[in-house]
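Colleague: I am new to reading protein models, and I would like to go through one with you, feature by feature.

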Amino acid sequence: EVPWDSGHPSHELVRLLDAGKLPGQTVLEIGCGTGTNALELARRGRTVTAVDYVPQAIDAARAKARQAKLTVDFRVADLLQADLGGPYGLLFDRGVYHHLREVNLPGFQQFLQRVTRPGSRWLSLAGNAKEKHDPGPPVVSEAELRAELEPLFEIVELREFRFSTGQNGFRPLAWSILLERK
């Protein structure tokens, strides 16, 4: 079961790609799940590496890529431990930052420093603390995300939106955080 996977690319990812706000030929998607967003990035001509720590999700993503005849370097990995190469021009996550900040924020911040360079962009979609759900995604406040991310990144755009999920009617409030590495 993958209730977080709507089967469609994230509206926020598509919006920012269409607006030209996500430059960078090389992309690292962290927490790629079954590959829906990674495949959208590959369709748009990006060179994509996509990781998830769940082997079944990566198997499903690879099958989708074969069917779509797209090339994505899908990997099973713990991003805090694995060498994922880089630096990348663009990072994308849908729900990884809001989880890892609770598990190992210093380790996640070190990871971000390793895989980015000055000018790299990062789009993070995270649960918004203004609206908590149980069950639902972990949440972060604006003050927390600014304190945790601004030492390394400049916030280019911060806006609220609602996650699309595979659960009918369940659309939790979220942050769309577009950042650029200082």
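This is a predicted model: local features need pLDDT of at least 70, side-chain atom pairs count only at pLDDT 80 or more; totals for chains, interfaces and linings use all residues.

The dialogue below takes up the core, the aromatic rings, the strands and the backbone in turn.

Colleague: Which residues touch the most other members of the largest nonpolar core?

Modeller: In soluble globular proteins, nonpolar side chains tend to be buried together. A nonpolar core is a set of buried Ala, Val, Leu, Ile, Met, Phe, Trp, Tyr and Cys residues joined through side-chain atoms within 4.5 Å; buried means under 20% relative accessible area, exposed over 50%, and partly exposed in between, with a 1.4 Å probe and protein chains only. Here the largest core has 27 residues, and those touching the most other members are Leu28, Leu79, Tyr97, Phe108, Phe111 and Trp122. At least two residues each come from strand S1 (26-30), helix H4 (97-115), strand S5 (121-128), helix H5 (142-149), strand S7 (153-162) and strand S8 (173-181), where helices (H or I, at least four residues) and strands (E, at least two) are DSSP runs numbered from the N terminus. Helix H4 gives the most to this core, with six residues. Apart from this core lies another, of 25 residues, including Leu17, Val48, Phe74 and Leu123.

Colleague: How many aromatic pairs does a search of the whole structure find?

Modeller: A pair of aromatic rings is described by the distance of the centres and the angle of the planes. Rings of Phe, Tyr and Trp (its six-membered ring) pair if their centres lie within 6.5 Å, and planes under 30 degrees apart count as stacked, over 60 as edge-to-face and the rest as tilted. The search of the whole structure finds six aromatic pairs. The rings of Tyr97 and Phe108 have centres 6.2 Å apart and planes at 25 degrees, so this pair is stacked. Phe108 and Phe111 also form a stacked pair, at 5.9 Å centre to centre with 25 degrees between the planes, and both lie in helix H4, three residues apart, about one turn of the helix. Phe108 counts as buried because its relative accessibility is 0%. Tyr97, Phe108, Phe111, Trp122 and Phe153 form one aromatic cluster.

Colleague: Is strand S1 mostly covered or mostly open, and which strands does it join?

Modeller: In a regular strand the side chains alternate between the two faces of the sheet. S1 is mostly covered, with four of its five residues buried. Two strands pair if DSSP finds at least two bridges between them; five bridges join S1 to strand S2 (residues 47-52), and the two run parallel, with Thr49 in S2 as the bridge partner of Leu28. Four bridges join S1 to strand S4 (residues 90-94), also in parallel, and there Phe92 is the bridge partner of Glu29.

Colleague: Where is the cis peptide bond, and which residue has a positive phi?

Modeller: Most residues other than glycine have a negative phi, and most peptide bonds are trans. The peptide bond from Gly86 to Pro87 is cis, with omega near 10 degrees, and Pro87 lies in the loop between strand S3 (73-76) and S4. Lys69, a residue other than glycine, has a positive phi near 55 degrees; Lys69 lies in the loop between helix H3 (55-68) and S3, and counts as exposed because its relative accessibility is 74%.

Technical notes: Residues are numbered from 1 along each chain as its sequence is written. Side-chain values use heavy atoms; hydrogens and water are left out.
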